[in-house]
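Thanks for asking me to look this one over.

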Amino acid sequence: MSSVIAIMYATVAFVILHGVNSLDNGLALTPPMGWLAWQRFRCITDCEMYPDECISEKLFMNVADLLVSEGYAEFGYKYVIVDDCWLATNRSNDGKLLADNKRFPSGIKALSDYVHSKGLKFGLYQNWGEKTCAGYPGVSGHEEQDAQQFAEWGVDYVKLDGCYSDIRDMEKGYAEFGKHLKNTGRPIVYSCSWPAYQEGKGMPINYTALVEHCNLWRNYGDIDDSWTSVMDIADYFALKQEFWAPFAGPGHWNDPDMLLIGNFGLTVDQSKAQMAIWAILAAPLLMSNQLSAVRPEFKEILLNKGIIDVNQDALGIQGKRVFRVCNVYLIYKLYLLLTIL
């Protein structure tokens, strides 16, 4: 067993926030679980060269099929979330969002209906700004119209990114878009990104406002398919834990980004470590992998009921790091301990 830098976490009780308003949409009472496209598939749009990996309705329909047929849905992985690059390059003449008609010929409503037919929930990406991170139309200037369109499409989860926008106005902009989502009358989980953008610029972040307006939020930069990236995020969460942890709880979660398990960058032991740490952090468990190619030893980690139960505990208390060790064997022992709790 190779020696790597690892972190051990323990659940530490703390005083839960009192007197702080939280988003009252009754959603995400435990950390959301599902599958998100970005880390594994990025912005692959060439369906001729990559027919099974391009961002297309075929990809997401296949994911929905596999979540059910491979047993992931039974363990709580319910959300199928489309990330960037699903859009056409321009809006319609009346300002509505359009999906790329070659890669999504049936349209987003049909894809949403297909996901729902499998007993799953459907998520969609957009960006607070003029353009998405990949350069497609953002919500800026169309906030109310886009929120209504998401509701009409049957969207259950919106991930709102923050590229090409003024970080000084993010708190106001994200809050307003959340109100538009709520005003549609459809229950939609709201994933915000403004802390990740403001954190890198050293700006003070209003976590009280996050709890009031968002179901979950990205605190830090994007995860990459490597153990170094996992530990960078885990270290940063530990550095900030005294401030961040009290704001996690039913309906509102800190989000360290996607699970890499089943891809290329983590060993089996490192995958167990990520799963254990994310569980104790009360983090959303959003896989980003090629489900059809996940090897049995990695699937076993993703479907470990004991670990999932820790993550999905109804109290929603985020654990804190209590010490740091330099032996992956101890992380493996932690994984086993969580399994039998």
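Where does Asp-257 lie? Asp-257 is in the loop between β8 (253-255) and α10, with helices (H or I, at least four residues) and strands (E, at least two) taken as DSSP runs numbered from the N terminus.

A word on conventions comes before the points. This is a predicted model, in which local features need pLDDT of at least 70 and side-chain atom pairs count only at pLDDT 80 or more, while totals for chains, interfaces and linings use all residues. Residues are numbered from 1 along each chain as its sequence is written, and side-chain values use heavy atoms, with hydrogens and water left out.

1. **Asp-257 and its backbone.** Most residues other than glycine have a negative phi. Asp-257 has a positive one, near 95°. Its relative accessibility is 4%, so Asp-257 counts as buried; here buried means under 20% relative accessible area, exposed over 50%, and partly exposed in between (1.4 Å probe, protein chains only).

2. Ala-28 sits in the loop between β1 (6-10) and β2 (33-36), and with a relative accessible area of 12% Ala-28 is buried.

3. **A charged network.** Asp-257 joins Arg-218 and Asp-222 in a network of salt bridges. The criterion is a side-chain nitrogen of Lys or Arg within 4 Å of a carboxyl oxygen of Asp or Glu. A search of the whole structure gives 18 salt bridges.

4. **The cavity.** How many cavities of 30 Å³ or more are there? The count is 1, and the largest cavity holds about 60 Å³ of space. A cavity is a set of points on a 1 Å grid over the protein atoms alone where a 1.4 Å probe fits but cannot get out, and lining residues have an atom within 4 Å of a point. Grid points are joined across faces, edges and corners, and the volume is the space filled by probe spheres set on the points. Arg-218 and Asp-257 are among the lining residues, as are Lys-159, Asp-255 and Tyr-157. By class the lining has 3 nonpolar, 1 polar and 4 charged residues, where Ala, Val, Leu, Ile, Met, Phe, Trp, Tyr, Cys and Pro count as nonpolar, Asp, Glu, Lys and Arg as charged, and the others, Gly among them, as polar.

5. **Arg-40.** The closest N and O atoms of Arg-40 and Glu-53 are 2.8 Å apart in a salt bridge. Arg-40 belongs to helix α1 (residues 38-41) and Glu-53 to the loop between α1 and α2 (57-69), so the pair ties together parts 13 residues apart in sequence. Arg-40 is buried, at 13% relative accessibility. Arg-40 also lies over the face of Phe-41, at 4.8 Å from the ring centre; the rule asks for NZ of Lys or CZ of Arg within 6 Å of the ring centre and within 35 degrees of the ring normal. Lys-131 has its charged end over the ring of Tyr-164, 4.3 Å from the centre.

6. **A longer link in sequence.** Lys-240 and Glu-199 form a salt bridge with their closest N and O atoms 3.0 Å apart. Lys-240 is in the loop between α8 (227-239) and α9 (241-244), and Glu-199 is in helix α6 (residues 194-199), so this pair ties together parts 41 residues apart in sequence. Lys-240 is partly exposed at 25% relative accessibility, whereas Glu-199 is buried at 15%.

7. **Aromatic pairs.** There are 19 aromatic pairs, counted when ring centres of Phe, Tyr and Trp (its six-membered ring) lie within 6.5 Å, with planes under 30 degrees apart called stacked, over 60 edge-to-face and the rest tilted. Trp-128 and Tyr-174 make a tilted pair, 6.0 Å centre to centre with 40° between the planes. Trp-128 is in the loop between β4 (121-127) and α4 (143-153) and Tyr-174 is in helix α5 (residues 170-183), so the pair ties together parts 46 residues apart in sequence. Phe-150 and Phe-177 are edge-to-face, at 6.4 Å and 75°. Helix α4 holds Phe-150 and helix α5 holds Phe-177, and each is buried at 0% relative accessibility.

Definitions and conventions: On a 1 Å grid over the protein atoms alone, a cavity is a set of points where a 1.4 Å probe fits but cannot get out, and a pocket is an open set with protein on both sides within 12 Å along at least five of seven lines; lining residues have an atom within 4 Å of a point.
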